[in-house]
Amino acid sequence: MQVDVRVNGEQGELRSLYRSLTVDDELRSARIRLVGTSRPGEMGVGLELIEVILENAWSASSLAVAVAAWRHSRPRPGRVTLRVGQTDVEISGDDAEKVRRIVDLCSAAAVTPPPASPDSTGEDPSA
């Protein structure tokens, strides 16, 4: 399951959250990377989001808790938006309800079966 994480504010805040997620023991099985954009006329790459690939709903719960803990550690926590599929959950202000919504969203995504491949017949190949 892929979760895109955006931080409202400076790129330094995005990098800070990225570092925090990459050292979190509960997320050690997740693939975490910074994703940048390059616009015409700009030098270098601007950071846009953190892409997190999770294996299961347990990891999604850990991600939600890690983001909330990072925000709590900030002197002036900004808004963090997590996107799973086409659904966004924004974390700002009190985190408890938002973390629960993120966990519910990720849990639902984890149990949704992937779409069938075009060449799939739906039959058991071992039969």
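A residue is counted as buried when its relative accessible area is under 20%. By this criterion, buried residues account for 37% of the 127 residues in the protein. The structure described here is a predicted model. Three helices and five strands are present, and from the N terminus on the elements follow the order β-α-β-β-α-β-β-α. Among contacts between residues at least 6 apart in sequence, 54% join residues at least 24 apart.

The packing of helices α1 and α2 was examined next. Two packed helices are described by the angle between their axes and the distance between the axes. Helix α1 comprises residues 11-22 and helix α2 comprises residues 57-73. Their axes lie 10 Å apart and form an angle of about 130°. The two helices are therefore oblique to each other, and their crossing is right-handed. On the α1 side, the contact is formed by E13, S16, L17, S20 and L21; on the α2 side, the partners are L63, A66, V67 and W70. Classified by residue type, this contact contains six nonpolar, two polar and one charged residues.

The largest nonpolar core consists of 24 residues. Within this core, the residues with the most contacts are L17, L21, V52, L63 and V80. At least two core residues are supplied by each of β1 (2-7), α1, β3 (46-53), α2, β4 (80-84), β5 (87-91) and α3 (96-111). The largest share, five residues, is provided by α2.

Two of the residues with the most contacts in the core, L21 and L63, also take part in the contact between α1 and α2. L21 is located in helix α1 and has a relative accessible area of 0%, so this residue is buried. With residues up to four places away in sequence left out, L21 touches L27, I32, I50, V52, L63, A66 and V67.

E51 is found in strand β3. The relative accessible area of E51 is 14%, and this residue is therefore buried. Residues touched by E51, not counting those up to four places away in sequence, are Q2, V3, D4, R31, I32, R33 and V35. E51 and I32 are 19 residues apart along the chain, with their C-alpha atoms separated by 5.8 Å.

G9 is placed in the loop between β1 and α1. Because its relative accessible area is 57%, G9 is exposed. Along the sequence, G9 and G78 are 69 residues apart; in space, their C-alpha to C-alpha distance is 6.6 Å.

Definitions and conventions. Residues numbered from 1 in each chain as written. Predicted model: local features only at pLDDT ≥ 70, side-chain atom pairs only at ≥ 80, totals over all residues. Heavy atoms only, no water. Axes fitted to C-alpha atoms, helices over the stretch in contact; angles between N-to-C directions. Helix = DSSP H or I, 4+ residues; strand = E, 2+ residues; numbered from the N terminus. Parallel < 35°, antiparallel > 145°, perpendicular 65-115°, else oblique. Left-handed = near helix turned anticlockwise from the far one by under 90°. Contact = heavy atoms within 4.5 Å. Nonpolar A, V, L, I, M, F, W, Y, C, P; charged D, E, K, R; others polar. Core = buried A, V, L, I, M, F, W, Y, C linked by side-chain atoms within 4.5 Å. Buried < 20%, exposed > 50% of the residue type's maximum accessible area, 1.4 Å probe, protein only.
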